[in-house]
Amino acid sequence: MKSVHGVSWAGLSAGPFAWALSTQVNYILPAWQCDNHRYPIPWIALGLAVASVAGTCFSLIAFRRTQAHPADLPRKPRSERFVALLGVGTGILFALGILLQGFAGIVFIGCER
């Protein structure tokens, strides 16, 4: 089952990458928002949270496949399950962090000086 290989760590990589991108956007856009009276940060945060949850879903699918077909794995089944579950937890945690940052983008729009 080659579809499991490389998917178990999707949540482990997508979540932190989306959070790092969200953090950079949150530092770059406030001055632009204040000048143009447009507020894309919450929408960007929502899209990046969805990307993090997508990685979480891939990790969850990989975990379920490791439970169903442990003999078809390229690595040890316990290692594959551990990485998949770690990806699920990490993806959810980072999606929550991104959503909280997006909510802060609603409350603080960048013109609070």
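Colleague: Which residues make up the largest nonpolar core here?
Modeller: In this predicted model, the largest nonpolar core is made up of five residues, namely Ala18, Ala45, Leu48, Ala49 and Ile98.

Colleague: And which helix gives the largest share of this core?
Modeller: That is helix H3, residues 41–68, from which three residues of the core come.

Colleague: What does isoleucine 98 touch?
Modeller: Leaving aside residues up to four places away in sequence, isoleucine 98 touches Gly15, Ala18, Trp19, Ser22, Ala45, Leu48, Ala49 and Ser52.

Colleague: Back to H3, then: which of its residues are buried?
Modeller: The buried residues of H3 are Ile41, Pro42, Ala45, Leu48, Ala49, Ser52, Gly55, Thr56, Ser59, Ala62, Phe63 and Thr66.

Colleague: Why would residues three or four places apart in a helix point the same way?
Modeller: An α-helix has 3.6 residues a turn, so residues with that spacing point the same way.

Colleague: What covers the buried part of H3?
Modeller: The cover over the buried residues of H3 includes helix H1 (10–28), helix H2 (30–36) and H4.

Colleague: How far apart are the ends of H3, and what span should it have?
Modeller: The 28 residues of H3 should span 40 Å at 1.5 Å a residue, and the C-alpha atoms at its ends are 41 Å apart, which agrees.

Colleague: Stepping back, how many helices and strands does the chain have?
Modeller: The secondary structure comes to four helices and zero strands, and the pattern read along the sequence is α-α-α-α. Of the 113 residues of the chain, 31% count as buried, and among contacts between residues at least 6 apart in sequence, 80% join residues at least 24 apart.

Colleague: Where does leucine 86 sit, and why is it called partly exposed?
Modeller: Leucine 86 is in helix H4, residues 77–107, and it counts as partly exposed because its relative accessible area of 37% falls between the 20% limit for buried and the 50% limit for exposed.

Colleague: What about phenylalanine 103, is it buried or exposed?
Modeller: Phenylalanine 103, which is also found in helix H4, is exposed, because its relative accessible area is 52% and the exposed class starts over 50%. The C-alpha atoms of phenylalanine 103 and isoleucine 41 are separated by 8.9 Å, while the two residues are 62 residues apart along the chain.

Note on methods. Residues are numbered from 1 along each chain as its sequence is written. This is a predicted model: local features need pLDDT of at least 70, side-chain atom pairs count only at pLDDT 80 or more; totals for chains, interfaces and linings use all residues. Side-chain values use heavy atoms; hydrogens and water are left out. Helices (H or I, at least four residues) and strands (E, at least two) are DSSP runs, numbered from the N terminus. Buried means under 20% relative accessible area, exposed over 50%, partly exposed in between (1.4 Å probe, protein chains only). A nonpolar core is a set of buried Ala, Val, Leu, Ile, Met, Phe, Trp, Tyr and Cys residues joined through side-chain atoms within 4.5 Å. Contact means heavy atoms within 4.5 Å. The expected span of a helix is 1.5 Å times one less than its number of residues.
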